[in-house]
Amino acid sequence: MSLNPTATSRIRATKLLHTAHGPRELDISFQWDRGRLLAVYGPSGAGKTTLLRMLAGLTEPDSGYIEVEGEVWLDSSRRINLPTRRRSIGFVFQDFALFPNLTVRQQLEYALPDPRKPAIIKELLAFMELEALQHHRPGLLSGGQQQRVALARAIARGPRLLLLDEPLSALDDDMRHRLQEYIQTAHRHYGLTTMLVSHHLPEVFRLADEAIFLEKGRIVGQGDPAAVFAERPLSYRPGSVDMTGEILNITADGEQLAVTILVRGAGNDRTIELEAAGSVAAGWRVGQTITITITPKIS
Amino acid sequence: MRTAIGQLFLTMLFPLLSPTGGQSSGLPAGQRTTVTVAAAADLKFAMDSLAADFGKKNPGIDIKLIYGSSGNFFQQIGNGAPFDLFFSADMDYPRQLQARGLTASVIRIYGTGQLVLWSRSFDPDIRKMDGLLDASVKKIAIANPAHAPYGRRAEEALRYFKLYDRVRDKLVLGENIAQTAQYAQSGAADVAIIALSLAVSPAMQRSGGKYWLIPPASHQTIEQGFVLLPHGKGNNGADRFMQYLSTPEAGAILKSFGFGRT
Amino acid sequence: MIDWQPIWLSMQLAGITTLILVVIAIPVGYWLAHSRRRWKTAVEALLSLPMVLPPTVLGFYLLLAFSPTGGFGRFIDQYLGLRLVFTFPGLVVASLIYSLPFMLNPVIAGFTSLSPDLRAASRTLGKSDITTLLRILLPNIRPSLVTGVVLSFAHTIGEFGVVMMIGGSIPGQTRVASVAIYDEVQSIHYSLANRYALTLLLISFVILLIAYGTNHHFNQRKTLL
């Protein structure tokens, strides 16, 4: 979308947060490339939403620097702080923040930076399958429909950076899967750079090119989702343990299949990488629940 | 719809925008003159008749009448109220205005008021002031002595008859003498000490009460004066109204409402 | 015969006061609803004071302030040619102060009841605060605005104590309907007082009817469409 030659963007920010667990220092620094779909993952209170709001200019860091595709949005050392409305972003809020007084179509028209070019509205309505609802106000739309409107509205303004703050947390699994597809297709179709906050690992694996793992205000891992979460050690005690997991990812490696499995613990989700023979894992599918049994070796 | 609202808006703003804001003197339209008269409440019915009679003879002059207690008007005039003429229920307030340079003519007496005992619960002609001590008399209305001259005279009369301390708990105070009369007329008070000029009014007559003239020796005389105020200076209509008051017709009207000539 | 002037005067006073209050209450309410300054509580309390204050207290201080014998009154009299005691503009100024909380409080409540994300969302769509206010916030607090308009209009019509103290019951200028009723009762013109009172009652009822009808319609439309 953008003709800006600089394809790399970066943020560095610190901020003292007042969380339910007391004050906590958020201190993050990372960069990303244009066109990527990044998932920001972490337990609640890790600072995921704050990170997104800082990018949007809705929350001001105590100090920091934000540069998006060559444009400086924030530089606290030079007292630069571009107001939200001047930052090229699309933001999908957790509660969608649809305007109760506007119809679906009007929401998109409102978002349009140039009202003389309404073509994208028609296209977006078709793309998000909202044509039948375009003259409705948000009051009677279902959660999934509202989410699509919010997504369409954020895209309508043609942003450099699309920010999604746990947009799927309020939806049931079925709806969640369908909307993940909307997000993924929209991301590709409109050539967006997307950052998605999630605390749902399957979502991260399904959608993200790259994961950012946030814990207690610090980045503890960034990169390919499988790699980021595989590095996390899984603790278990000797004895036979049964663990239930969900298959997140399957990649072929010759005869062998590399399978990434999410294992749920009490607030402590982990992934395990397995190598399985093609013959064994031939029927396995992403999203399937499997049981892993760990037995200590007797020597 | 939109233009209608706009018009409404403009119409409503008009009094704000118009420089005179409908002020009392020198309205340009036609040759009409308005005279704003602040009159003591005992004049209520008498002044209505005077203004009506004057209006017939001077069709170009509007008399705007405002009634209240003399003390209240005194305060308002001191604070810049736009009255042209002030008719007090005594001589005191006009004199105080004069002393403060807030008058534009000499003070003239237009009549002497009389105090009456008005009652529906007993015949005041027979019982006279003693009737106030009746057990059936629960409330006695007088005007507020703090700012109504008739109230002050009523209090003097009660003291003269050595009744004040005995009936003090029954006293209700009207804001001015007209409200005092209304208290009695409506039955809110059983008895009232009011101005004769109100007692003879048709409304009070109709309500079935009787009155008795309280002897003038029991209180200071109620000489009532009027004066032109600085706001009325140069107001032709105010001058005409003042002239009218010394005509026999005006005198007859005042007399019919019980005002004595001095 | 009923003299329509006091009623018309009451309507003018209430209409002008309400219009000006709308213009004042929207920015002030917006600021009070969104500011995080510590002294805004003091401002809020101060602006709500007329709601609990006896009208005579307000009337007394306004009389002192507006009187041409005092400093402020003399200043506006001499330099602006505006006299605020016993004049219609004076009643407007007094009514603005007197009825302000009745407009302001519903507007503040309306703004605070909206999700802060609405404002944030509009900003992320590149809109200025003014556009956000006009296109998003105000349409969504319309019931609060209607409530404020109705309350301040009705409250101004019902105003008596302040008008008595700084108005002086001058026909065509400050003799509004509530004062006219008081005057007619004193003159024992009960039938006339009754007609004024009934007219006021009817007008007030119709205003409330329109207001509630509009809000009802608004609420229905919001959910049905």
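Good morning. In chain C of this predicted model, residues 24 or more positions apart account for 73% of the contacts with a separation of 6 or more.

Chain C contains 11 helices and 0 strands. Read from the N terminus, its elements accordingly run α-α-α-α-α-α-α-α-α-α-α. Along the principal axes, the C-alpha atoms of chain C fill a box of roughly 65 × 45 × 30 Å. Of its 225 residues, 46% count as buried.

Helix H6(C), residues 116–124, is mostly covered, with 7 of its 9 residues buried. The buried residues are Leu118(C), Arg119(C), Ala120(C), Ala121(C), Ser122(C), Arg123(C) and Thr124(C). What lies over them? The cover includes helix H1 (48–56) and strand S7 of chain A, together with helix H7 (129–140) of chain C. Just after H6(C), Gly126(C) adopts a positive phi of about 85°.

That brings me to the interface between chains A and C. Here, 21 residues of chain A are in contact with 18 residues of chain C. On the chain A side, strand S7 (89–92) and helix H2 (104–111) each supply at least two residues. Which element gives the largest share? It is S7(A), with 3 residues.

Next, the interior. As a general remark, nonpolar side chains in soluble globular proteins tend to be buried together. In this model, the largest nonpolar core holds 203 residues, and Leu85(B) and Ala192(B) touch the most other members. Helix H5(C), residues 88–113, gives the most to this core, with 12 residues. As for Leu85(B), if residues up to four places away in sequence are not counted, its contacts are Val35(B), Val37(B), Phe226(B), Leu228(B), Leu229(B), Gly232(B), Ala238(B) and Phe241(B).

Leu38(A) sits in strand S3 of chain A, residues 37–41. Is Leu38(A) buried or exposed? It has 21 C-beta neighbours inside 10 Å and therefore counts as buried. Leaving aside neighbours within four places in sequence, Leu38(A) is in contact with Trp32(A), Thr194(A), Met195(A), Leu196(A), Ala208(A), Glu210(A) and Ile212(A). Between Leu38(A) and Pro225(A) there are 187 residues of sequence separation, yet their C-alpha atoms are 9.6 Å apart in space.

I close with helix packing. Two packed helices are described by the angle between their axes and the distance between the axes.

The axes of helix H2(B), residues 44–57, and helix H12(B), residues 248–256, come within 9 Å and cross at roughly 155°. Angles over 145 degrees count as roughly antiparallel, so H2(B) and H12(B) fall into that class. Their crossing is right-handed. On H2(B), the contact is made by Ala46(B), Ser49(B), Leu50(B) and Asp53(B), and on H12(B) by Glu249(B), Ala250(B), Ile253(B) and Leu254(B). These contact residues comprise 5 nonpolar, 1 polar and 2 charged.

The second pair is in chain A. H2(A) packs against helix H3(A), residues 119–127, at an angle of about 135°, with the axes 10 Å apart. The two helices are therefore oblique to each other. H2(A) also passes H3(A) in a right-handed crossing. Arg105(A), Leu108(A) and Glu109(A) of H2(A) meet Ile121(A), Leu124(A) and Leu125(A) of H3(A). The residues of this contact divide into 4 nonpolar, no polar and 2 charged.

Thank you for your attention.

Conventions:
Residues are numbered from 1 along each chain as its sequence is written. Chains are lettered from A and ligands numbered from 1 in the order in which they are written. This is a predicted model: local features need pLDDT of at least 70, side-chain atom pairs count only at pLDDT 80 or more; totals for chains, interfaces and linings use all residues. Axes are lines fitted to C-alpha atoms, for helices over the stretch in contact, and angles run from 0 to 180 degrees between N-to-C directions. Helices (H or I, at least four residues) and strands (E, at least two) are DSSP runs, numbered from the N terminus. Angles under 35 degrees count as roughly parallel, over 145 as roughly antiparallel, 65 to 115 as roughly perpendicular and the rest as oblique. A crossing is left-handed if the near helix is turned anticlockwise from the far one by less than a right angle, and right-handed if clockwise. Two residues are in contact if their C-beta atoms, placed from the backbone, lie within 7 Å. Ala, Val, Leu, Ile, Met, Phe, Trp, Tyr, Cys and Pro count as nonpolar, Asp, Glu, Lys and Arg as charged, and the others, Gly among them, as polar. A nonpolar core is a set of buried Ala, Val, Leu, Ile, Met, Phe, Trp, Tyr and Cys residues joined through C-beta atoms within 7 Å. A residue is buried if 20 or more other C-beta atoms lie within 10 Å of its own, exposed if 12 or fewer, and partly exposed in between; C-beta atoms are placed from the backbone.
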